[in-house]
Amino acid sequence: MLLFDDYWKKIFESIQSAYPEVTEGDIALDKSGHCDLTFRAFQVMKKRGLSPDAVFSKVKETLGSADFIEKIESVGGYVNFTLKPKRLMEAIWKEMEGTNQYPDTFQDPERVSVEHTSTNPTGPIHIGRIRNSIIGDSLARLIARYGYRVTTQYFVNDSGRQVASLYAGYRKFVKVDKPTAYDLLEGYKKATEEMEKGTGMNDEVDQVIRDYEKGEPSTIEGIKKVCSIILDSINTSLSNLGIKIDDYTWESDLIRTGDVDRVMEDLEEELQDEDGAKYLMSNGRKMFLTRKDGTSLYFSRDIAYHLYKFQNFDWLIDVLGENHKEHAGHIEYVTKSLLNQEHRLDFVFYSYVSLETGKMSTRKGQIITLDELYDRAMEESFKIVKGKRPELPDKKLKEIAAGVAVSAIRFHILKLNSNKPMVFKWSEALNLEGDSAPFVMYSYARASSIMRKLENQKQSVGLEYNKEEGSLIRQMYLYPYVLVESLKGLKPENVANYLLELTRKFNDFYTNCPVINAATEEKERRVLIINAYRTIVKDAASIVGLKILEEM
RNA sequence: GGGCCCGUGGCCUAGUAUGGAUAAGGCACCGUCCUUCUAAGUCGGUGAUCGUGGGUUCGAAUCCCACCGGGCCCGCCA
């Protein structure tokens, strides 16, 4: 839960006391530059047959004396409120002074699970999958910022057909002593080719699945070994982006512990049989839980996984590719309607990333790995910093380049509304100007640079503010509302877009409001503004995973 | 064939959930500003019938219907 002086709510409640039919949506942030908040009185006027003047007088009567309002105006059917920047600055400062954050957070006991990535361990992670990781990780950070206890989770598929073919391919084709994820991927590609040709490879894979579910020791050991190699590689790549997953659940463990069998028992009354294979009807479709040879399918394992999560968490969030939409609907139906789970369950979907040349395909070698993207982003940003700051030592340059690279990648991928299909272009991913992470980071670095020159400078809430100061303060004040909206819609990209907006406002301030050579009162209030700005940027940046640098 | 998602200047996007005031940015292009706190920046300019056609409404990028174009799904795969 977030704590701050909510003037929006105060205005809403006052107006509602005068006109009970008014909803929160009737009070809105102004987008047109007329004011800060506006009351759209059209409905009230129509319903009650009132003139704009009549509504205006009434509103003025209830709110006219509020100490945080600078002026109230009537324009057409709008009642426009301009808030006092001084009050907004005080509201920000009040929270920041004690806790060093705005807004303050009240810890919530609810435990939240955010499952993300969960990609099949069949090769190095590519840039399509990291859309999942980046959305999931940012979402987890957002929810934690809100005060929930968050655990990030990865469901490791080590028991499906893909992994069985990976292992069969490894046994047959990979002749390296200590294979890397890239070696294993080669074996997987060959195995898939063989299977497409219709050779005996298919039978080998079936046998692997049966052996694995029976608990045959050498198969178990072998599969765990290859999966672990790939999982390690995925984790190393993700750690370059600052992403760490807290909890891994292996599908095979759910089979061995009997959790999957228990799902079958719990659902017994719903199950139907077709040649020995078990299915249930969900939304008019046959959803199979086992094959005719009795081995389990993803659906039953995923139900077991969700039951495990329901036991340990109050709120489950799954980040899934849009191809899982139907599957998610079935999971929801089974766990909620058939198995009576009551805790909250939400899904966040994202559309696929493709290349300019078309879809990504692991088997055709049509992928860009995260490692490749990271290396090229590193190279590009190093070149740029080196050009701009030739006086800095290589170690420092590298540090800055790494910060820029991670931030640029995360920001570029997160910024886009997750429903939109994304076509990956190098020129856009590596563009470090305009609406990008470095744009945000650079402004922060300039703010920090000013502060370095003003150590021990006294700061204070000022008396009056000019235009640029006022609109920066207003933008900062709005931060909690962005967090609320972002959480409500499970849209961490809102925070990224807010950062861009905030940065534009700061740049306005920076170019128009000198600090170091300002007169005393002016200097003191501007220092406070800069400190508030830096606090909020750091806060928002840590949610979307930007690496904030004091110098760049 | 059925279902879900997306369509906003040449290119990439914000705004759509809860309809509201001249549709907000970036890239590219043209021009401006480093003897004031970092030019990864700033300011100005060119450029949009918000996919198309209907409808609802005082008011539609936003809601409804139809159509067009793109993505995804409709496996004893995951």
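In what order do the 4 strands of the open sheet stand, and is the pairing parallel or antiparallel? The order is β2-β3-β5-β4, and the pairing is antiparallel. Select β2 (27–29) and β4 (69–75): these strands stand at the edges with a single partner each, so one side of each has no neighbour in the sheet. On average, neighbouring strands are turned by 25° against each other, direction ignored. The model in the viewer is predicted.

Next, select β3 (residues 37–40) and β5 (residues 78–83), which are antiparallel and joined by 4 bridges. Leu-37 has Phe-81 in β5 as its bridge partner.

For the surface, select Met-1, Leu-3 and Phe-106, which make a nonpolar patch of about 290 Å². Met-1 lies in the segment before β1 (2–3) and is partly exposed, because its relative accessibility is 49%.

Now turn to the salt bridges, of which the whole structure has 42. Select Asp-253 and Lys-224, whose closest N and O atoms are 3.5 Å apart. Asp-253 is in helix α10 (residues 251–256) and Lys-224 in helix α9 (residues 217–239), so this pair ties together parts 29 residues apart in sequence.

Go on to Glu-469 and Arg-525, which meet in a salt bridge of 2.8 Å, N to O. Glu-469 is in helix α18 (residues 467–477) and Arg-525 in helix α21 (residues 520–544), 56 residues apart. Both residues are buried. Arg-525 also forms a salt bridge with Glu-521 (2.8 Å, N to O), 4 residues away in helix α21. Glu-521 is partly exposed, at 32% relative accessibility. Finally, select Glu-469, Glu-521, Glu-522, Arg-525 and Arg-526 together: salt bridges with shared partners join these residues into one network.

Key: Residues are numbered from 1 along each chain as its sequence is written. Chains are lettered from A and ligands numbered from 1 in the order in which they are written. This is a predicted model: local features need pLDDT of at least 70, side-chain atom pairs count only at pLDDT 80 or more; totals for chains, interfaces and linings use all residues. Side-chain values use heavy atoms; hydrogens and water are left out. Patches are made of residues with over 30% relative accessible area and no salt bridge: like charges are joined within 9 Å, nonpolar side chains (Val, Leu, Ile, Met, Phe, Trp, Tyr) within 5 Å. Accessible areas come from the Shrake-Rupley method with a 1.4 Å probe; for residues, only the protein chains shown count as cover. A salt bridge is a side-chain nitrogen of Lys or Arg within 4 Å of a carboxyl oxygen of Asp or Glu. Helices (H or I, at least four residues) and strands (E, at least two) are DSSP runs, numbered from the N terminus. Buried means under 20% relative accessible area, exposed over 50%, partly exposed in between (1.4 Å probe, protein chains only). Two strands pair if DSSP finds at least two bridges between them. Axes are lines fitted to C-alpha atoms, for helices over the stretch in contact, and angles run from 0 to 180 degrees between N-to-C directions.
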